[in-house]
Amino acid sequence: MQLTSLADLLDLQEIDLQIDRLLDERQSLPELARYKGTHEKVQEEETRRESAAGELRQLELDLDKAEGELQILENKLEEHETRLFAGGMSARETEHMRLEVQSLKGQQSALEEKVLGLLEEVDPARETVASIQAGLDQLEATKNELEASIKKQWKKIDAELARKEERKTEAVAPIDPELLGLYEKLRGIKEGVAVASYDHGVCGGCHMTLSPAEEEEAFASDLPRCVHCRRILVA
């Protein structure tokens, strides 16, 4: 049983190594790095968009306020001019109204300049937001394509992993539990290779040649172990 278990360990190890390779493949798909980079870029562009959108909202609020103030001022100016042209006021009242109209016209001119300036800022700000959004849409499309590709490959790998796990369950069955425990322990500290074939005096694990004395020492017990790397040897 012991010899059979040792031979079975090599088969089990091959399955485990295949599982390790599949797991490594699953975590190292080229699309994963691209997906991560694209996701980070999306987050950066979303921050840019929110900042630009905030600036645009403030400009639009300022523009609405300025246009409202201009409309109120124009209405007031129209009322004052109507009263001034209608006559019927004293010379003092007429002069006061004339000066008031002059002042309102000055304020009107300043507000019109302000509105025009804001209009000149609003349009580029809208274009900036639209441009960032267009870039975001493209990034999201790329991200979705990468995600679909990753899921497709993962599905294929996971199906293969499931088959390997079934084979592993079968391979584990005939192995002595104590030997299996040692095997798992060695796999954890020997980069996944706990068992090595022994051929022509060479350990298949560390590739060191054992002298006759070392070979005798290695095979002195029912559980042969390489004197150099301490892996289980199967002759």
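Lys151 and Glu147 are both located in helix 3, four residues apart, about one turn of the helix; helices are DSSP runs of H or I with at least four residues, numbered from the N terminus. The two side chains form a salt bridge in which the closest N and O atoms are 3.3 Å apart, a salt bridge being defined as a side-chain nitrogen of Lys or Arg within 4 Å of a carboxyl oxygen of Asp or Glu. Lys151 is exposed at 52% relative accessibility, whereas Glu147 is partly exposed at 28% (buried, under 20% relative accessible area; exposed, over 50%; partly exposed, in between; 1.4 Å probe, protein chains only).

The model is predicted, with local features requiring pLDDT of at least 70 and side-chain atom pairs pLDDT 80 or more, while totals for chains, interfaces and linings use all residues. Residues are numbered from 1 along each chain as its sequence is written, and side-chain values use heavy atoms, with hydrogens and water left out.

Across the whole structure, 15 salt bridges were found. One of them joins Arg26 and Asp158, with an N to O distance of 2.8 Å. Arg26 belongs to helix 1 (residues 2-27) and Asp158 to helix 3 (residues 91-172), so this pair ties together parts that are 132 residues apart in sequence. Arg26 is buried, at 18% relative accessibility, and Asp158 is partly exposed, at 31%.

A further salt bridge links Glu45 to Lys41, with the closest N and O atoms 3.7 Å apart. These residues lie four positions apart in helix 2 (residues 30-86), a separation of about one helical turn. Glu45 is buried, with a relative accessibility of 10%, while Lys41 is partly exposed, at 37%.

Key
Helices (H or I, at least four residues) and strands (E, at least two) are DSSP runs, numbered from the N terminus.
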